[in-house]
Amino acid sequence: MITRVDNVDILPGVGPKRLTALHELGIFTIEDLISYFPFRYEDLGERLPSETLDGDKVTFKGIVSAPPVVTRFGKKNQTRFGLLIARENIRITFFNQPWIAQNIDVGQEVAVYGTYNAAKAALTGMKMINASTDALDPIYPSSKQITAKTIRHLIELAWADIRGTLDSLVPIEIRTKYRLLDRNTQIESMHFPVDMTAAKAGRRSAAFEEFFIFQMRLQLLKLADQNFAGEGVVYDPSALGKFELSLPFKLTKAQKKVIAEILQDQKRARHMNRLLQGDVGSGKTVVAAMAMYAVVTAGMQAAIMAPTEILAQQHALNMAQLFENANIPLRVELLTSGLKVSARRQLLEDLVNGEIDILVGTHALLQPDVAFHHLGLAVIDEQHRFGVNQRAALRENGVNPDILAMTATPIPRTLSITAYGEMDVSVIDQLPSGRKEIKTTRMSHNQLDNAIAFVKNQIDVGAQAYIVTPLIEESESLDVQNATAMYEAMQLELPQYKIGLLHGRLSNEEKKKLMAEFKDNQIQILVATTVIEVGVDVPNATVMLILDADRFGLAQLHQLRGRVGRGSRQSYTILVADPKTDYGTARLDAMVETTNGFILAQKDLELRGSGDILGTKQSGVPEFMVGDPIKDLTMMEIAQQEAIKLVSEENWDRKPNNQALVDYLSRTMAHYRHFD
Ligand code: ADP
Ligand code: MG
């Protein structure tokens with residue numbers, strides 16, 4: 001007798017090859033197998049030709065009116081017969097299934113499944129339907145190594161033994177409240193539905209179960225995080241106050257609010273896992289500096305990780321500058337992958353000895369030999385640029401420091417309760433005062449001269465400009481502007497100014513030098529690829545000229561625009577493009593219409609559609625087998641509420657009603673795909 005915890009190779013016909021194929025689909029146990037659900041059903045229920053549209057897949061049932069004829073042509077053959085359905089004669093054709101002819105006689109009642117051709121009153125047969133089979137044929141996601149039919153067969157075998165034996169994972173109280181099926185009925189309705197209504201009910205319950213299990217894991221992760229005996233950071237409030245007073249500006253109300261939230265978290269002897277969201281230019285860096293300084297005043301170290309070398313360099317400079325202004329003797333160091341071996345060795349030694357207070361770096365911080373003396377806080381800047389894996393790696397790096405992840409990307413509700421579900425969220429919902437709204441205009445390429453003239457006028461009054469091009473080098477397609485060509489053209493056009501060229505192929509030293517020169521206004525125009533997309537902060541720059549702007553995504557354009565408008569001068573973004581698609585035009589229109597990052601993120605979701613967002617790993621929405629967290633957002637929210645409620649009950653994991661759930665959570669922990 002098979003049970004749900006057995007491995008799938010207990011089933012007859014599952015040898016090593018099939019076992020590997022099943023493992024690749026995430027199927028290890030019998031329980032995994034019977035939870036491997038069809039993604040759709042073929043409706044084998046019969047219909048009349050008059051109810052059927054051209055091209056539909058349909059089952060026709062009728063009386064054989066003309067005897068089957070098999071015609072051969074080469075290796076191929078076709079079998080034809082007539083079928084009388086409600087006085088209409090339909091011609092049936094099967095390709096390369098000659099044996100069908102043997103089982104068909106005139107006058108016999110048969111049912112055929114196939115594709116309908118209305119104009120010819122014909123059906124291209126796919127299979128003969130046995131009247132006793134179910135009306136719905138489940139279709140399973142399969143692979144090259146294993147067919148949907150084999151999967152179906154294995155499920156039938158397993159189900160024969162374990163049907164009726166499964167305890168429900170979703171507790172009875174919740175199932176009653178939302179009218180959900182018990183687990184046996186749910187699984188039966190998914191694999192062997194009597195009709196579409198049953199299939200839908202099964203799917204609804206299965207989707208809820210899946211969401212609920214996911215949310216339970218998030219909640220347990222969150223609890224584990226919070227209960228982790230993180231140390232309370234005993235920071236020095238008066239030192240922090242002094243630092244705040246030394247800043248070159250007054251913090252906004254929103255910045256003060258999030259700093260208070262962060263300090264509150266840090267103070268508690270619990271692990272912090274917080275996401276800080278604030279639109280480009282809202283001033284997240286200084287918030288990070290405050291949080292890091294707090295940790296340092298408590299005698300610990302802090303680290304900040306940025307997605308690019310340029311950004312890491314800038315942070316290192318900024319931080320050092322901020323503390324120097326405040327007369328705070330603090331050691332800030334930069335660790336990137338470009339560091340020389342000996343310098344790196346020295347730096348790591350100082351780090352582990354506690355001589356470095358704040359370490360700034362790229363993902364080079366995640367290398368296993370990077371050990372701190374006492375790391376109290378890890379900040380992740382532009383967190384959306386890092387994968388969940390890297391987020392986890394930083395946490396596992398020896399100690400378990402408090403985490404502050406920062407992002408400019410507004411988090412749609414779907415993401416905040418899935419991808420970031422285990423994190424607390426703080427939002428900076430205002431820009432520093434005195435900022436003028438960035439003016440955004442569109443131009444076609446033949447107006448480029450006007451755009452250049454505009455850049456010249458801005459530089460003449462003391463400002464600076466970025467010119468961004470999509471590709472680094474000449475590509476096959478001649479219509480692509482490239483940075484080098486643009487740089488050369490600009491040197492000819494505006495010889496009176498110093499122009500820089502920045503792209504990803506430069507060495508760290510070269511990049512560093514260029515950025516420093518641009519920051520000091522020794523360079524007036526920086527021609528760059530998207531390496532400057534995130535984080536770069538030069539408040540004196542007022543023009544962002546983007547060439548072939550329709551080649552960029554909306555989020556990217558918004559980030560690029562965020563490089564200007566950082567000071568009190570009026571700033572401008574000029575989008576140069578001749579978009580060839582409606583989608584391209586729509587993105588540019590959206591940019592001209594609003595500078596609000598949240599509205600743009602919504603717009604981006606709409607323009608791309610939920611299908612694509614699920615498809616692109618970038619979006620970070622976890623994938624589910626049955627439910628769609630974008631379409632079924634309400635259900636996901638309910639699952640979250642119920643999971644929060646359940647884990648807040650005392651001894652919830654000892655109650656008999658919850659035992660099946662507790663067992664399931666612990667036995668499936670090992671290969672749970674959402675938390676790899
Ligand atoms: P982001 O949130 O995009 O990372 P930054 O931290 O780079 O933004 O800040 C953008 C610019 O605004 C920087 O030049 C920074 O010094 C400045 N800034 C930050 N906070 C304030 C404030 N409260 N008042 C004025 N300027 C500020
Ligand atoms: Mg930033």
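The second largest pocket has a volume of about 900 Å³. The model is predicted. This report covers that pocket, the ligand in it, and a cavity.

**The pocket**

The lining of the second largest pocket counts 37 residues. Nearest the pocket centre lie Thr285, Asn318, Lys519, Asp537 and Arg566. Three helices each supply at least two lining residues: H9 (284-297), H10 (309-325) and H16 (508-519). H10 gives the most, with 9 residues. By class, the pocket lining divides into 14 nonpolar, 12 polar and 11 charged residues.

**The ligand**

Around ligand 1 stand 17 residues. Gly281, Lys284, Thr285, Arg435 and Asp537 come nearest to the ligand. Thr285 and Asp537 are also named among the residues nearest the pocket centre. The shell around ligand 1 has 5 nonpolar, 6 polar and 6 charged residues.

| Residue | Protein atom | Distance to an oxygen atom of ligand 1 |
|---|---|---|
| Gly281 | backbone N or O | 2.7 Å |
| Arg435 | polar side-chain atom | 2.6 Å |
| Arg566 | polar side-chain atom | 2.8 Å |

How much of ligand 1 does the protein cover? On its own, ligand 1 has 560 Å² of accessible area, and the protein covers 85% of that. Arg566, which makes the 2.8 Å pair, is also one of the residues nearest the pocket centre. Arg435, with its 2.6 Å pair, is one of the residues that come nearest to ligand 1. Gly281 is another of these nearest residues, and its pair is made through the backbone.

**The cavity**

The structure also holds 2 cavities of 30 Å³ or more.

H6 gives the most, with 3 residues. By class, the cavity lining has 5 nonpolar, 3 polar and 4 charged residues.

Notes. Residues are numbered from 1 along each chain as its sequence is written. Chains are lettered from A and ligands numbered from 1 in the order in which they are written. This is a predicted model: local features need pLDDT of at least 70, side-chain atom pairs count only at pLDDT 80 or more; totals for chains, interfaces and linings use all residues. Side-chain values use heavy atoms; hydrogens and water are left out. On a 1 Å grid over the protein atoms alone, a cavity is a set of points where a 1.4 Å probe fits but cannot get out, and a pocket is an open set with protein on both sides within 12 Å along at least five of seven lines; lining residues have an atom within 4 Å of a point. Grid points are joined across faces, edges and corners, and a volume is the space filled by probe spheres set on the points. Helices (H or I, at least four residues) and strands (E, at least two) are DSSP runs, numbered from the N terminus. Ala, Val, Leu, Ile, Met, Phe, Trp, Tyr, Cys and Pro count as nonpolar, Asp, Glu, Lys and Arg as charged, and the others, Gly among them, as polar. A residue is near a molecule or strand if one of its heavy atoms lies within 4 Å of it. A polar contact is a pair of N or O atoms within 3.5 Å; within protein, one must be able to donate a hydrogen and the other to accept it, and residues adjacent in sequence count only if both atoms are side-chain atoms. Accessible areas come from the Shrake-Rupley method with a 1.4 Å probe; for residues, only the protein chains shown count as cover.
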